[in-house]
Amino acid sequence: MKEPLAYMRKAQGSWEKRILKSLNSMCTELGIPLAQKRPVSEQKELLNKWNEMGTDEPDLSLFRPVYAPKDFLEVLMNLRNPNYENGEQPSFRNHLGLIQVPLKVKDIPELKEDFSELGLNIGQLGIDDSAQVPPEFFENEHVRVGQKVLAEQDSAAAQQYVRQGCPTALRADLWALILNISNQPEDILYYEQLKSNVIQHNLLVDSLIYKDVKLTASNDDYYFVFEDYLYQVLLCFSRDTSVLEHFTYSSATPPKSYIRGKLGMEEYAVFYPPNGVIPFHGFSMYVAPLCFLYHEPSKLYQIFREMYVRFFFRLHSISSHPSGIVSLCLLFETLLQTHLPQLFYHLREIGAQPLRISFKWMVRAFSGYLATDQLLLLWDRILGYNSLEILAVLAAAVFAFRAVNLMEVTSLAAAEAVLADLSTLKVMPLLQIFLFATVT
Amino acid sequence: MSGAAGPGPPVGPGRSPLPCAPRPAAALQLSGGTEPARPGVAVIDLRFPRGAAADVQEIVFKNFYTAFLSVRVQRPGPSGSRRWVTCLRDLCLMPCPHTEQGAQDYFSLHRHQMLCDMDQVTAVRFILRQPSPVWLHFTIEELQIFPAGQKSPQKDFPSWLSQLTPPEQPASLHGELPDPEKVSTEVQQMWVLTEVIRARQAAARIGRFDVSPTTPLAGLQPRRITGGASWRGYS
């Protein structure tokens with residue numbers, strides 16, 4: 001089911017119109033067509049340089065990202081249910097945070113039950129594999145079980161297994177097992193076909209992808225080495241029409257475009273880009289962590305595509321789904337308000353609404369903010385629990401961890417500075433303490 | 001009172017709802033109140049045109065922020081006069097009335113979920129409750145009532161497709177249960193027979209299954225198997 005609530009459908013529709021208008025205006029301004037066929041010489045050149053597209057330095061100064069997460073946050077802040085009493089006076093009806101829609105979110109007792117495998121008395125990778133703990137206690141046995149799960153090729157068992165974390169050596173295969181990716185010859189052939197589509201046609205979206213990679217992943221200490229892989233995956237992703245299938249369960253609708261001169265005629269309508277997904281600032285960070293696990297482009301591509309149509313699409317579309325970004329934001333704000341009321345009130349008073357800081361973490365699923373090994377441990381749990389709620393819980397846990405420093409700041413900029421660097425954080429202890437060891 | 005128009009409710013093939021004109025939801029009002037209160041209870045009354053009575057099979061509607069639903073129907077009572085009977089009591093449509101869960105979902109109520117029989121119904125009353133004060137309006141929309149006995153197949157199926165083998169009917173036991181008295185007397189007779197036979201068991205063999213060692217079994221003639229055995233010798 002796409003989206004039961006009418007006002008959310010409407011909000012998503014108007015957001016999509018805005019994005020499309022922005023894209024079209026950039027297109028008219030720069031005088032570049034949305035799509036055109038490459039001349040043969042250019043095709044040959046691109047084919048030769050396929051594995052080192054990062055060395056290309058096209059002039060991207062005139063391009064700008066279609067939107068950034070903070071623009072999306074503005075839209076979510078203005079989301080209102082017309083049937084809800086949104087009075088101006090503060091009352092029990094108004095939420096104290098930025099999100100004002102009354103969605104059902106879980107509280108800590110419910111989260112404790114859902115994430116029971118993260119409990120204090122259950123072994124976790126990320127905690128019980130540290131140098132001080134002898135491996136006989138947990139790690140050796142856990143690796144042995146993982147190897148057995150792989151040998152049995154049991155996808156459901158793998159999903160249950162990764163809730164306690166994945167050993168680094170087994171992670172690539174376990175994720176492929178959970179996502180049902182086997183890299184058959186047909187899949188490799190499909191990827192090669194997408195590659196030939198990239199070579200033959202040039203899309204405006206390609207320049208947006210180039211710009212995004214140059215702005216984000218290339219500047220990141222951990223991910224700049226994978227720049228070429230990112231182009232190989234994202235350029236093919238834009239042309240993959242099988243991604244259109246996920247629109248049956250997403251609240252979004254793919255944008256339509258018309259062949260030149262045939263505006264409004266349905267026979268000449270195509271989806272643009274072919275996969276219906278317009279990349280925004282930071283989109284390439286969804287792919288970057290996967291490059292640590294998979295080195296073969298076609299397998300990397302399939303893993304990314306599957307992760308996108310299962311999880312990541314919910315992070316940039318407006319819906320009432322429990323894993324949708326609106327619910328995640330509300331869950332974060334509710335957790336913070338319930339369990340750190342003084343901190344929440346203080347931040348609100350100084351004009352530093354906590355969601356303004358944590359929104360970008362959640363939209364990117366913490367990619368680029370955490371250290372890579374910690375990020376992969378977090379994404380293990382996303383796959384294991386098949387839900388993105390853990391992102392909101394981690395965001396609240398980070399605030400809880402830095403609460404003492406945050407209580408002393410007096411402005412939004414100072415609060416941002418306290419939370420600017422998350423690269424030293426250990427994800428699993430934070431989650432465990434917040435869920436299971438905080439006195440309420 | 002009106003919610004945004006979404007996609008229509010799913011209607012099965014060959015089904016058409018009964019014609020009826022539901023009046024808009026009327027909120028419960030206490031007499032003598034100075035300003036209109038929001039009591040959180042509303043009633044939708046529905047009568048079939050020209051006083052017709054119908055057998056109700058299914059009620060389909062789209063919720064709009066109603067938390068609990070009760071349904072009463074007016075049917076002929078034992079004495080002949082019509083009485084109101086509750087057929088559904090406090091069905092929970094929104095598990096958490098302050099939040100959006102279930103607020104705009106489609107629901108379907110089938111006759112076998114009801115507390116009473118749904119035959120010869122002349123009027124239906126929907127009692128809507130929304131205890132949470134945060135919602136401005138609540139009602140149910142796209143109300144459709146489907147009568148019983150509408151299972152017509154789709155008209156545009158090709159004829160060969162509709163000639164499916166009929167599903168196996170399990171042996172119907174209704175009305176054809178054998179009389180237990182009769183069965184028990186027959187079983188008793190058979191038991192008596194076995195007892196009699198056992199008592200009179202003779203030592204002599206019946207001789208029915210004895211095989212003479214020299215008589216070959218009919219149809220099988222053993223042949224010597226030579227090299228390059230072929231099975232032609234055995235019929």
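Which residues make the nonpolar surface patch of about 310 Å²?

1. In this predicted model, the patch of about 310 Å² is formed by A:Ile259 together with A:Met265, A:Tyr268 and A:Val270. Of these residues, A:Ile259 sits in the loop that runs between strand S3 (256–258) and strand S4 (269–271) of chain A. Its relative accessible area is 43%, and A:Ile259 is therefore classed as partly exposed, since that class lies between the buried limit of under 20% and the exposed limit of over 50%.

2. A:Ser251 is placed in another stretch of chain A, namely the loop between helix H10 (227–238) and S3. With a relative accessibility of 8%, A:Ser251 counts as buried, because buried means under 20%. A polar atom of the A:Ser251 side chain lies 2.8 Å from the backbone oxygen of A:Ile318. When neighbours within four places in sequence are left aside, the contacts of A:Ser251 are A:Lys2, A:Glu3, A:Gln12, A:Ser317, A:Ile318 and A:Ser319.

3. Turning to the interface, chain A contributes 15 residues and chain B contributes 19 residues to the contact. The two chains bury about 1,400 Å² between them, with carbon and sulfur atoms giving 57% of that area. On the side of chain A, A:Asn83, A:Glu85 and A:Lys104 supply 39% of the area buried against chain B, which is more than any other three residues supply.

4. As to polar interactions across the interface, eight residue pairs are counted in polar contact between chain A and chain B, both residues being at pLDDT 80 or more, whereas the rule finds zero salt bridges between the two chains.

Methods: Residues numbered from 1 in each chain as written. Chains lettered and ligands numbered in written order. Predicted model: local features only at pLDDT ≥ 70, side-chain atom pairs only at ≥ 80, totals over all residues. Heavy atoms only, no water. Patch = residues over 30% accessible without salt bridge, like charges linked within 9 Å, V, L, I, M, F, W, Y side chains within 5 Å. Areas by Shrake-Rupley, 256 points an atom, 1.4 Å probe, with all protein chains shown as cover. Salt bridge = Lys/Arg side-chain N within 4 Å of Asp/Glu carboxyl O. Helix = DSSP H or I, 4+ residues; strand = E, 2+ residues; numbered from the N terminus. Buried < 20%, exposed > 50% of the residue type's maximum accessible area, 1.4 Å probe, protein only. Contact = heavy atoms within 4.5 Å. Buried area = accessible area lost by both parts, 1.4 Å probe. Polar contact = N/O pair within 3.5 Å; in protein donor to acceptor, adjacent residues only side chain to side chain.
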